[in-house]
Amino acid sequence: MADENKTSMAKQSEPVPKGMQNAPTQELTISTLAKKILDMDKQYDLSKILSAYQFAKKAHAGQKRSSGEPYIIHPLAVADILLDLGMDTDTICVGLLHDVVEDTQYTLDDIRKKFGQDVAILVDGVTKLNRIPIFDKEQQQANNVRKILLAMSHDIRVMIIKLADRIHNMRTLHFLPLEKQRRIALETMNIYAPIAHRLGIRTVKDELEDLSFYYLDSFAYSEIEHIMEIKKDEREAFIESIKVRIRKRLEEEYFAKEPIIEGRVKSIYGIYKKIYINHKSMDEIYDKYAVRVIVSTVAECYMVLGIMHDMFRPLPNRFKDYISTPKSNMYQSLHTTVLGRESIPFEIQIRTWNMHVSAEYGIAAHWKYKEGIQGKDKMEEWLAWVRRVIESQQTSDDVEEIVRAIKNDLSPEDIVVMTPRGDSISLPVGSTVIDFAYRIHTEIGHKTVGGKVDGKMVPLDYELKTGEICEILTSKDPGKGPNRAWLGIVRTNEAKSKIRSWFKKECREENIATGKNNLEQEFKRAHIRLPESDWEMFLADDLKRHNCATLEDFYASIGYGGIMLSKIMPRLKDRYVKEYGSEEEPENLVTPVVPQHESSGKGYIVLDKIDDCVFKFAQCCNPLPGDDIVGFITRGHGISVHTVNCVNYQSARKRNDPDEMARWLPVQWTNNASTLIPTNIEVIAVDRVGLVFDITKILSESHIQILHSSSRSLRNGNAIFEASVRVAGTDQLYTIMDKVRKIHGVITVERAKK
């Protein structure tokens, strides 16, 4: 079902964080929504909205949310959020109807006949997006992502509706089990919050980030919230005093309209990022307090900036001019950090009313305040990134590439780099000289031989920074093309796609030979023994999955990097074992090896009737595939499997009791072990805010199921994090442990016994 909350079986796990939920959903009714619509200046077709509500209520009759509320509460809340964003009548209607086609007997034709083509198209777009589990790598899900991006490129309201849907689901996430909370929170943090950022809707982005952060690391969230709560009165008094001083000073100057002066506090996740990324304490975060001044014209913005620097002492290197150089999501404002008489640093933001509307509502301002953005030109700029992601995938044979493109290209933070002619180019953080070249033009990227930054030669893998001037040096050789090594250097999927496209077009024979050789090596490594004449039949599903008409097309795609063998080999190995290896390799995870009768003299043989044996894994040592293991014949409970280093086995060997040792027997893992087995890890690190979030994020992104986790502070200033997880074997476990060791402040990562 589209809505993860649609189940009455889930239990509430913990309360919602303070101040992060709107009024209880049961207080929202169609009457309150209708009254809200009538109180607005904007004209709405109330009869159409009421008709959509009645239709949705009838369709969802009998369905419940995990909170026990009638399901209609959810679409009603989504419509209310869309109303707050200022969306139009059709969008409000779709907010009420967005789950009807997905979860009821009604069809898209029913919607079209009742509410018209525009509403039906929007419902269809949202329905496709609802069916996408972002971390599922199957072909259909990836194709659906491509379809939804295409729908967004024609009508961005599809994504705004989905963002409203996600906000309400996040507000009620506490009704779901912990495992689902973490998965949905991580998906929201990685996908939906960055999309809200790209669309410029700050209010949505901040709420999604804060809610996700709470469920990914509630300890760190609560700690920051507690610190902010303690100083709440002091903070409010400080901000109010600054506002009074600024207002009094501005009254001495002439303005077309009286400036609006507001105070604000940085979001909790925003504070966390400053602490984690910059390794700072709360007292070192200069912009957690901010005052915003809203004026009428750009000239007045710069006039106010001069007055502020006259009133307060500006901090060096803390001034940012986003008016002359807007952010990639069209955000414009002047930012400066200053010190007042109290020696407390705070940020001042200065912008026009139009800039403020765009900053708060982003692309939604097109509907909420049409004067807030400058018509179709601004709308086109907002949609440019959607089309760029789509275009970068047109030449990809891997339909799953689009999923990775969304995660990589929707980075919340961007840099702005200038060309020698003064044009600004926006790129994700970490972008290189090559990314910059391909963003300017495909042919410039292909012919790049070097780069200059601020007049100095830099290597091609140099990571650009905001404000730098980059000049691309190109070759005059018409045959010059990219280097395969660039695929490991570039940051943007746009550049990767163009590089792969060049190799696909220009080096087909070379790609075929390279791809075939690489596939053959991987087959040998995975013990896939098939005659070459059977390869095309064995790979038929993957040829279709990657849009390859022939086996040579498949080889070529591997050769130029369109198909990643590391991704497909586990699936191919599993298929080979099921189709060709069932008679040669036992299906059981553990195979006992028992001595033959002494007179045979043949040593050890594999026990034939393996299915008659019962196994369990000893909790004293938690064996995993890859460990050297030994079995113990228990009394009435089958064979207990231990590692050879287990203290119980080693103690038995030291005692050397013949009767006891007779119950120990050799066992071995089968080659096709694929069962996930529980094991434990223990992390010791410097105690800091966000530690648990960083560890669980790595586990979640690696698709490791967390069965249980806990953390506590130690007296020496360190902290200990313990988790029980399911893994496929020692290789996977040690890979994860290596990733965790790279986290800032981690001291040791060990495989725990219990």
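Predicted model: local features only at pLDDT ≥ 70, side-chain atom pairs only at ≥ 80, totals over all residues.
Helix H10 and helix H30 (residues 691-701) pack with their axes 11 Å apart, at an angle of about 90°. Angles from 65 to 115 degrees count as roughly perpendicular, so H10 is roughly perpendicular to H30.

Which residues in H10 and H30 meet? From H10 come Leu186, Met189 and Asn190, and from H30 come Phe693, Lys697, Ser700 and Glu701. Sorted by class, the residues of this contact between H10 and H30 are 3 nonpolar, 2 polar and 2 charged.

## The protein as a whole

Now let's step back for the overall picture. The protein contains 31 helices and 20 strands. It has 754 residues, and 53% of them count as buried.

Among contacts with a separation of 6 or more, 68% are between residues 24 or more positions apart.

The axes of H23 and H26 cross at roughly 90° and come within 6 Å. That makes H23 roughly perpendicular to H26.

On the H23 side, the residues that meet H26 include Arg508, Asn511, Ile512 and Leu519. On the H26 side, Phe554, Tyr555 and Ile558 are among the residues that meet H23. By class, this contact between H23 and H26 has 7 nonpolar, 5 polar and 4 charged residues.

The buried residues of H27 are Leu565, Ile568, Met569, Leu572, Tyr576 and Val577. Their cover includes helix H23 (508-525), helix H24 (535-538), helix H25 (540-545) and helix H26 (551-560).

Threonine 172 sits in the loop between helix H9 (157-171) and helix H10 (178-198). Is threonine 172 buried or exposed? Its relative accessible area is 4%, so threonine 172 is buried, the cut-off for that being under 20%. The side chain of threonine 172 makes a polar contact of 3.3 Å with the side chain of arginine 65.

Histidine 642 belongs to strand E15 (residues 639-643). Histidine 642 counts as buried because its relative accessibility is 7%. A polar contact of 3.1 Å joins its side chain to that of serine 640. Leaving aside neighbours within four places in sequence, the residues in contact with histidine 642 include Cys620, Cys621, Phe632 and Trp664.

Most residues other than glycine have a negative phi.

Asparagine 622 has a phi near 45°, a positive value in a residue other than glycine. It lies in the loop between strand E13 (615-617) and strand E14 (629-633). At 12% relative accessibility, asparagine 622 counts as buried.

Asparagine 656 also has a positive phi, near 55°. You can find asparagine 656 in the loop between helix H28 (647-655) and helix H29 (658-661). Is asparagine 656 buried or exposed? Its relative accessible area is 55%, so asparagine 656 is exposed, since exposed means over 50%.

Methods: Residues numbered from 1 in each chain as written. Heavy atoms only, no water. Helix = DSSP H or I, 4+ residues; strand = E, 2+ residues; numbered from the N terminus. Buried < 20%, exposed > 50% of the residue type's maximum accessible area, 1.4 Å probe, protein only. Polar contact = N/O pair within 3.5 Å; in protein donor to acceptor, adjacent residues only side chain to side chain. Contact = heavy atoms within 4.5 Å. Axes fitted to C-alpha atoms, helices over the stretch in contact; angles between N-to-C directions. Parallel < 35°, antiparallel > 145°, perpendicular 65-115°, else oblique. Nonpolar A, V, L, I, M, F, W, Y, C, P; charged D, E, K, R; others polar.
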